[in-house]
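Let's walk through this structure together, starting with the whole chain and ending with its aromatic rings. Keep the 3D view open as you read.

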Amino acid sequence: MHDIDTNGAVLAAPAPRFGLAPLAHRVTLASGWVRLALAWIAGACGALAMPPFGFLPALCVALVPAVWLLDGAATASSRLGRRAGTALAAGAIGWAWGFGYLTAGLWWLGAAFLVEADQFAYLMPLGVLGLPAALALFYGAGFAAARLLWSSGPGRIAALAFGISAAEWLRGHLLTGFPWNTLGMALGQNLWLMQAASVVGLYGLTVLAVLVCAAPATLADAGGPARRRGPPAAALLLLVGLAAGGALRVPSGPMPEVPGVRLRLVQANIPQDARFNPRNRDGILERYLGLSDSATAPDRQGLRDVTHLIWPESSFPFLIQRDPQALRRIGSALPPGTLLVTGAARADEPLPGERLHFYNSILMIGQDGFVGGRYDKLHLVPFGEYLPGPVDGLLRTLGLKQFVAVPGGFTPGEGEEPLPLAVPGLPPVAPSICYEAIFPGAVASHRERPGLLLNVTNDGWFGDTPGPRQHFAQARLRAVEEGIPLVRAANTGISAVVDPYGRVTGMLSVGTEGVLDRNLPRNLRERPPYGRFGDVFFTVLLLGCGLLALLARHRRAPPPPRGASM
């Protein structure tokens, strides 16, 4: 294996003969298209660590070659003759790695383009390849930053953790943000390991995941056993410690429940191509009402046993608040004391000279058919629910439009964060619609602590693919971060009730039709550290990795082995 000095020069390159060293040697010396292909393959392997697979060693297979490839970026810099060459070579490696990871992890986005294939199928390459290619630029920047902090030995593991974690934080915040499948989710889907998110959050899990899964790269390093085996041993101890701490945190018994609250979640499993067809409006409404009043057991009497009925996002192919007949039909079906909380599109009456504004909302409907409080989605999906302002006119001129067939697209709700939704009979509700639930810290960032995270969604766009399962896993982690139970209603699944430790108390799987009856778990009495301080502990971890990498880089470089050539 090569030793690299702090300027990126190759100190020694003896040909190893056994162990991991020969493989590391070949990967380090790869160049050109071979180097980029290896990076792409390594990144693609990392997708197997994400839901629904959850194979944590796959992240080692992804990150260990990344370390060796970044070692080889020094070879490029020696030819280019400047430090910028190292960063440029590392950035190309990072982009290829990220492109592989995101392509393998987000391929299911293509299913949305086939729902209305006559209108959108030709755009599929933009979603399946274009989006990963664009998001991979964050990984390119992260790898370049890591390589600028690079050194020989264990310090470079901290440098990689710093670069990738900073890049993923930026990916989750810039340009509206898209923190889907951050590497921390490799730890965030195991009940014991996910408990660390209550302190460090999703991005802190990314730091820990990179430290753990990249550490085996040092097994191929030159030097003594402590230098080679120390980091993997420390990583194993860290992983065992996280699991043990999580096991101790999760109680053996169920959470206490909120008295007097009996929830019923309805999963109608309506095909996406039929869901938004206005001709199906009556049939869809009757399907929801029929499922809602179904008797699920001999001791269950349908809606008479329910206090809160929850339907998913955009349950109707029409504007329910403008349809008195439909409202009366719903109101007449609700027994006294039962409230419907449902996702629905709505529209405000426009002022003179203004166009009609449409909102993706959560509405409350009572026994009299009256529409009470509401929540309007704040964080809309670019290109799905609206076209971004800077390119809106150009794209419409080219004949492009958003997926949801709403004139002009949806309008975001007012404010910068969701306010607690007052639902009679429930503790304060932190509402979220669709992918709003993937943003850590955003669903319960208000001062008044909610007692419930409510997420309504429609993952029917993506069929029976990893997409809905990944979406649920990320929403589930919000419950652990905030110490607040999650109630999630989805059209085609996954609908579930999750307690504040991330334990699933009931679930309807993808592609099934049915109802889920559950009581509401209480939230934790005290906010977890992440719920109180947000990303403070992630920032400490991130800066700690950066400092360790800097110290290792500025440490005096070891002398080259006897007989080595430059």
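A contact here means heavy atoms within 4.5 Å. Among contacts in the protein chain between residues at least 6 apart in sequence, 71% join residues at least 24 apart. Before going further, please note that this is a predicted model, where local features need pLDDT of at least 70, side-chain atom pairs count only at pLDDT 80 or more, and totals for chains, interfaces and linings use all residues. Residues are numbered from 1 along each chain as its sequence is written, and side-chain values use heavy atoms, with hydrogens and water left out.

The protein chain has 16 helices and 13 strands; these are DSSP runs numbered from the N terminus, with helices being H or I of at least four residues and strands E of at least two. Of its 566 residues, 57% are buried, where buried means under 20% relative accessible area, exposed over 50%, and partly exposed in between (1.4 Å probe, protein chains only).

Now find the open sheet of 6 strands, with the order β7-β6-β5-β4-β3-β13 and mixed pairing. Two strands pair if DSSP finds at least two bridges between them. The edge strands, β7 (371-376) and β13 (514-521), each pair on one side only. Inside the sheet, β3 (residues 257-267) and β4 run parallel to each other over 3 bridges, and Arg264 stands opposite Leu309 in β4.

Next, the aromatic rings: there are 14 aromatic pairs. Rings of Phe, Tyr and Trp (its six-membered ring) pair if their centres lie within 6.5 Å; planes under 30 degrees apart count as stacked, over 60 as edge-to-face and the rest as tilted. Trp95 and Phe99 are stacked because their ring centres are 5.0 Å apart and their planes meet at 20 degrees. Both lie in helix α4 (residues 83-106), 4 residues apart, about one turn of the helix. Trp95 counts as partly exposed at 30% relative accessibility, whereas Phe99, at 17%, counts as buried.

A tilted pair is formed by Tyr288 and Trp311, at 4.9 Å centre to centre and 35 degrees between the planes. Tyr288 belongs to helix α11 (residues 281-292) and Trp311 to strand β4 (residues 308-311), so this pair ties together parts 23 residues apart in sequence. Both Tyr288 and Trp311 are buried. Elsewhere, Trp97, Tyr101, Tyr139 and Phe143 form one aromatic cluster.
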